[in-house]
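Subject: Structure handover

Hello,

Here is the structure for your files. Please open it alongside this note.

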Amino acid sequence: MVPETFTGPPVEPRDAATVVLVRDGAAGVEAFLLRRVAGMAFAGGMTVFPGGGVDPRDADTSVAWAGPPPSWWAERFSCSVELATALVCAAVRETFEESGVLLAGPSASSVVASTARYASARAALVARELSLAQFLASEGLVLRADLLRPWANWVTPVEEPRRYDTRFFVAVLPGGQSADGMTSEASDAAWQRPVDALADWKAGRRALLPPTWVTLSELDELGSVSAVLESPRTVSKIIPKLVREGGAVRVVVP
């Protein structure tokens, strides 16, 4: 939603995490995309990657953790160690809630092959009846932070009434798992080549926010999962700006 006037103090953005799930398809890298239900308060009808806001319980330091420590993530995302912990946990939790993909395993070097047995826990996480730390502890699972890569940091334009400071991660679909998109927040879900998703956007078949189309363009240029994982990234905040020209509003990406 674009406000009629760009006046008043900007809203403080809420911390959020988004995970770009990728896999190698027959014709190159593919990304998992969700079309948000029309009418939602934020990004209704838009095609997005799995993700959402940080839950205060995501900062629980009791979670079993494998991979780069929170201090490493804090340096990459220029934030506190506490927030870094919450962002990584939110990334894993939201990915599981929205796609059924779980970046965790019985040990620091393994990943669950199927998440079907955790269906009830997934529903409890969505309903906020269960925290990620509680879920992992009850199932004897270890969060695999090493399966995530820092990618970008997008902040909603200051002109918007609802804002998010979103850290983007990249993760490869674990072997044996599948992404299902069984979430009440999405009307459909699919794996798609970035070039095809961008073509749908240009043809009006998809609606994309700047962070999504920029990320898809980057994935398209890289072409394969190995190239995505090996791509050097320096993360800094990107804040698009809304510019009104006559009766139209356009988004300017720095």
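Predicted model: local features only at pLDDT ≥ 70, side-chain atom pairs only at ≥ 80, totals over all residues.

Residues are numbered from 1 along each chain as its sequence is written, and side-chain values use heavy atoms, leaving out hydrogens and water.

Strands

Helices (H or I, at least four residues) and strands (E, at least two) are DSSP runs, numbered from the N terminus. Two strands pair if DSSP finds at least two bridges between them.

β1 (residues 14-25) runs parallel to β9 (residues 164-172), with nine bridges. β1 also pairs antiparallel with β4 (residues 51-53) over three bridges. A16 stands opposite T166 in β9 and opposite G53 in β4. Four bridges join β1 to β2 (residues 28-36), again antiparallel. R23 has E30 in β2 as its bridge partner. A hairpin of two residues links β1 to β2.

There is also an open, mixed sheet of three strands, in the order β5-β7-β6. β5 (65-66) and β6 (104-105) are the edges, each with a single partner strand, so one side of each has no neighbour in the sheet. β5 pairs parallel with β7 (residues 142-144) over two bridges. W65 is partnered with L143 in β7.

Helices

R93, F96, E97, E98 and S99 in α2 meet R122, L125 and V126 in α3 (contact: heavy atoms within 4.5 Å).

Regards
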